[in-house]
Amino acid sequence: MLNLDFHPSGRHFLQIPGPSPVPDRILRAMSLPTIDHRGPEFGALGLELLAKLKQVFKTEGPVMVYPASGTGAWEAALSNTLSPGDRVLMFETGHFATLWHKMARRLQLEPEFIGLPGYEGWRRGVQADMIEARLREDSAHEIKAVCVVHNETSTGVTSDIAAVRRAIDAANHPALLLVDTISGLCSADYRHDEWGVDVTISGSQKGLMLPPGISFNALSDKAIAASRHNRMPKSFWAWDEILEANQNGYWPYTPSTNLLYGLNEALDMLLDEGLEHVFARHQRWAAGVRTAVQAWGLEVQCLDPDVYSPVLTGVVMPEGVDADVVRKIIYERFDLSLGMGLGKAKGKMFRIGHLGDCNDLTLIATLGGCEAGMKLAGVPLSGSGVTAGLEYFAEHALDER
């Protein structure tokens with residue numbers, strides 16, 4: 001039998017940008033006995049967590065919950081709002097924007113992919129002016145939706161979604177706005193209603209601190225109206241039956257009961273702490289990690305300080321250094337998992353996640369593993385990122401709630 005608990009002593013450091021480390025409190029909640037998903041206790045649970053979800057998405061509208069990964073929520077968003085042959089404007093910010101574009105093509109949509117050129121284009125956020133210019137050209141309103149990624153997990157860039165909404169409005173264009181905040185939700189500020197998003201896509205395994213297996217669509221009235229007339233084949237993903245069943249706290253299929261226990265506990269943890277405090281905590285961690293990267297004399301993957309991600313930091317290796325070789329040394333010697341470079345960034349960088357069950361000491365130890373591993377790999381460093389990160393955290397205390 002495969003041994004999945006093979007770490008000899010201490011905890012494995014899971015510092016990839018998702019799945020994130022799961023707090024023990026959530027694991028304990030998930031260990032409770034499974035109940036009848038058609039019984040009265042489950043209905044009460046469903047109503048409670050659906051109400052709490054609205055608070056974290058910052059919406060008054062409904063939030064769909066699927067027993068699926070974020071990829072499933074991508075498909076749900078596209079299949080409920082669009083019809084085969086519809087034109088979709090998508091902005092390339094990284095690997096996950098690219099995968100969403102690939103899905104749109106497989107669903108027989110006509111996606112148009114715009115963005116800044118080459119690998120350097122993956123080091124900046126969504127350019128709202130480019131979206132506005134393209135929509136102004138579309139006088140016949142053939143483009144039915146604009147799709148953008150809020151926090152691009154492959155690059156450590158958090159784009160300005162409010163600016164995208166302003167661009168669509170400035171072009172006086174009726175396109176729907178679909179946003180992927182799979183890694184951004186509950187780690188970075190996100191406002192579904194205020195930013196005029198029509199469908200927000202998210203998942204459980206990032207800022208919500210859960211294992212993979214739950215994904216979400218938060219809906220606007222405009223998106224629901226579009227779903228009543230679109231012609232995309234769908235069954236499992238269809239919103240109509242879910243909306244009806246959710247009125248009483250149930251789902252039209254068997255939900256992932258024990259993951260929902262964990263979700264309810266996670267929502268309590270986040271809301272009890274206060275979302276603004278949660279966001280400030282992640283911003284502080286990110287700043288401390290970036291301080292360490294700068295002390296090493298290395299580049300942060302994101303080139304625009306205005307859109308630095310509070311969820312993860314990409315660390316670019318010097319020319320001629322294979323980041324995957326460095327990651328392998330760090331994993332084997334220090335029991336520390338880091339995110340790999342994906343797509344155009346493969347081999348160029350590694351990613352440090354600062355989300356989930358994390359604290360200052362977790363990140364100081366993570367920086368120690370990175371620094372020692374890079375030295376073993378022969379990466380030239382200007383100074384100690386560990387010391388710089390430790391001093392940052394010591395000097396920049398997070399305000400008490």
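Mentor: Leu 178 has Val 199 in S9 as its bridge partner. This is a predicted model, in which local features need pLDDT of at least 70 and side-chain atom pairs count only at pLDDT 80 or more, while totals for chains, interfaces and linings use all residues. Residues are numbered from 1 along each chain as its sequence is written, and side-chain values use heavy atoms, with hydrogens and water left out.

Trainee: How many bridges join S8 to S9?

Mentor: Three bridges join strand S8 (residues 176–180) to S9, and the two run parallel. Strands (E, at least two residues) and helices (H or I, at least four) are DSSP runs numbered from the N terminus, and two strands pair if DSSP finds at least two bridges between them.

Trainee: What is the strand order in the open sheet?

Mentor: The order is S2-S10-S9-S8-S5-S3-S4, seven strands with mixed pairing. S2 and S4 each have a single partner strand, so one side of each is left without a neighbour in the sheet. The twist averages 20 degrees from one strand to the next.

Trainee: And how do S3 and S4 run?

Mentor: Strand S3 (residues 87–91) and strand S4 (residues 110–114) run parallel, joined by five bridges. Phe 91 stands opposite Ile 114 in S4. With helix H4 (residues 95–106), S3 and S4 make a right-handed β-α-β unit; right-handed means that, with the strands pointing away from the viewer, the path from the first strand over the helix to the second runs clockwise.

Trainee: Moving to H2, how many residues has it?

Mentor: Helix H2 (residues 40–57) has 18 residues and reaches 26 Å from its first C-alpha to its last, close to the 26 Å expected at 1.5 Å a residue. That expected span is 1.5 Å times one less than the number of residues. Just after H2, Lys 58 takes a positive phi of about 55 degrees.

Trainee: Which residues of H2 are buried?

Mentor: Among them are Phe 42, Leu 45, Leu 49 and Phe 57. Buried means under 20% relative accessible area, exposed over 50%, and partly exposed in between (1.4 Å probe, protein chains only).

Trainee: Which side chain does Asn 230 make a polar contact with?

Mentor: The side chain of Asn 230 makes one with the side chain of Lys 234 (3.0 Å). A polar contact is a pair of N or O atoms within 3.5 Å; within protein, one must be able to donate a hydrogen and the other to accept it, and residues adjacent in sequence count only if both atoms are side-chain atoms.

Key: Axes are lines fitted to C-alpha atoms, for helices over the stretch in contact, and angles run from 0 to 180 degrees between N-to-C directions.
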